[in-house]
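Good morning, everyone, and thank you for making time for this. I would like to walk you through one model, so please keep the sequence and the structure open while I talk.

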Amino acid sequence: MSATLAQKIWDRHVVRSAPGEPDLLFVDLHLIHEVTTPQAFESLRMAGRRVRRPDLTVATMDHNTPTLGGRAAADDVGRRQLDALEENCRWAGIRLFELGSPHQGIVHVIGPDLGLTQPGLVIVCGDSHTSTHGAFGAIAFGIGTSEVEHVLATQCLHQRRPRDLAVTIDGPLPPGVVAKDVVLGLIARAGIAGGQGCAVEYRGSTIRDLSMEGRMTICNMSIEWGARVGMVAPDDTTFAYLEGRAHAPRGADWDRALDAWRALPTDPEAAFDEEIRLDAHELQPFVTWGTNPGQAAAVTGRVPEPANEDEARALRYMALTPGTAMQDIAIDRVFIGSCTNARLEDLRAAAAVVRGRRVHPRVRAMVVPGSALVKLEAEAEGLDRVFADAGFEWRDAGCSMCLGMNPDVLQPGERCASTSNRNFEGRQGAGGRTHLLSPPMAAAAALTGHLVDVREIIGEEVAR
Amino acid sequence: MEPFRRHEGRMAPLDRANVDTDQIIPKQFLKRIERSGFGPFLFYDWRRNDPGFVLNRPEYEGATVLVAGANFGCGSSREHAPWSLQDAGFRAVIAPSFADIFRTNCLKIGLLPVALPEASARRLLELAEEDPATTVTVDLESRTVSAAGFCEGFELDPYARECLLNGWDAVALTLRHEDEIAAHEARRESWLPAITPP
């Protein structure tokens, strides 16, 4: 019988299926961090339960960690949370990549870094951007703390089968258009609740031609249009990325894994419940103007007239006037980082724009690598010098100003060009204003001090 | 979890769509390692910056049912969002639709998410705005919401409903199937990733 990628993985993970009950799914990999787990461990201990599979659980510190000065720079409450994670991991026998470890970093960056994220797995984490791991052809989704406790205790979760939604994107990307623009363009079209209840499979030649980093950027933002899961079928690009990584299968196991992974892609006759089609040639560099990721316009466009009270409210919060050219919007801060866009390829793309140029004197710009490993790799290529010479701050790995739980926050009224995933009110700091865009576009904004079409900075040929 | 069968209370109307969990509970409060005590921080920035915000209006003090716009609870998976609603006294949230993770989180802690058609949710918003003293009854056994001449049925996953009605501990339920979990574990390929515990 023909099946989609999501159906195949789902079926292989059903531990129990009973009438009237959601399926009980087995979890292959449970990623945990300091913010959404302390209460889960506490409940577990109070109930006299243990962690069933510490060997399928991996912990890191990322959400509240300072990007300067290490753990000592955390405030007392934040440090207590880091201490709690350390204590809980020791109690349960869970491997923890703490601050200072060469494998520490944003939970969705280290999974792929380490080769733990593999095709065909079910992966969960108490973080909504867990959908990132779907780029490898895995079912990966975010859960709350009660479900974290459930997975710690049982290594399983009750789940209703999602609907299958295909997003098919064909054609070569125009110059200056990168994965971030693909997903911002998609969300602007589908709406921020358009994927609700769905397992989304991104398909088509545009997706096939993307690197793993680009696929991760797109899958990462699946949650921003409400999808439960976002995934890409594994192929030679996936296998090449994985081969040789610390936890990828080796020798005869590698061959066995490859056989299993090659059988995963959606069968040609398999039917999706819904399909959305996009033409790559319609895409442009996008920037958000509002307070949700669907409120985006082409950088060459203008701030729109509000269509309803929610949009009017967003414009008031963002202090923007309809009709203003997007490129006339001046910015104060630039943040290159987050699980959306802080992998090596993202930093290279930003550095290519920055090289030999200077950050605008009014702008404070910051690069926060996604993981300690990405930071080391970038430094080995001299990217840290490129950024520092231009006037960027080069920081330690973590979530940082994507959500502003650490000292990296916007001041009220500050306007930021950010490669992160959410432009919600106050997300990067109370009263802060966020414009989401790609790493090359963020780099270009840092140089000019306003939103700008990166193609004007580096020329169409280079953008290609 | 406290069982949820039937609740009667006053409504707080929050006529906004796409309310994200960053608004429900801003990030600076996520560093706490306790499960309770989040109520005072519910909608922190909106309460602080807007004197006319619904939860600042004395006529809605003591409301226990929040009525809101579509796609309520989108964004971050933080369970602190339903914790803060529950800690502030809310027992149910009524909206045309909910973000998936938020809805699941609510169901796990006994805060009832009730999805009603857009027009019905709108009618409840109007009722609450016209007369803040209006009470609404959310009945999980009959799956109905009723208030001042208003009555509408709602759908809820039958398994989630059963768990809520009985206040069951989800972990204990799953652990009854430990033999099936073990059987699945025995079937897994040996090359799948695992990390040797320290």
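Let me start where the two chains meet: 49 residues of chain B are in contact with 67 residues of chain A, where contact is taken to be two C-beta atoms, placed from the backbone, lying within 7 Å. On the chain B side, helices H1 (21–24), H4 (100–109), H6 (158–166), H7 (170–175) and H8 each supply at least two of the residues that touch chain A, and the largest share, six residues, comes from H4(B). By type, the residues on that side of chain B divide into 22 nonpolar, 13 polar and 14 charged; here Ala, Val, Leu, Ile, Met, Phe, Trp, Tyr, Cys and Pro count as nonpolar, Asp, Glu, Lys and Arg as charged, and the others, Gly among them, as polar.

Before going further, a word on conventions. This is a predicted model, in which local features need pLDDT of at least 70 and side-chain atom pairs count only at pLDDT 80 or more, while totals for chains, interfaces and linings use all residues. Residues are numbered from 1 along each chain as its sequence is written, and chains are lettered from A and ligands numbered from 1 in the order in which they are written. The predictor gives the complex an ipTM of 0.98 and a pTM of 0.98, and chain B has a mean pLDDT of 97, with 100% of its residues at 70 or more, pLDDT being the predictor's confidence in each residue, from 0 to 100.

Now, what does helix H8 of chain B lie across? H8(B), residues 178–187, lies across S1, S2 and S8 of chain A, running at about 150 degrees to S1(A); axes are lines fitted to C-alpha atoms, for helices over the stretch in contact, and angles run from 0 to 180 degrees between N-to-C directions. Helices (H or I, at least four residues) and strands (E, at least two) are DSSP runs numbered from the N terminus, and two strands pair if DSSP finds at least two bridges between them. Those three strands of chain A form an open antiparallel sheet in the order S1-S2-S8. Strand S1 (14–16) and strand S8 (156–159) of chain A each have a single partner strand, so one side of each is left without a neighbour in the sheet. Within this sheet, S2(A), residues 23–26, pairs with S8(A) over four bridges, and Leu25(A) has Leu157(A) as its bridge partner.

S3(B) pairs in the parallel sense with S2(B), residues 65–68, over three bridges, and Val67(B) stands opposite Ile94(B).

In chain A, strand S15 (333–336) pairs in the parallel sense with S18(A) over three bridges, and Phe335(A) stands opposite Ser418(A).
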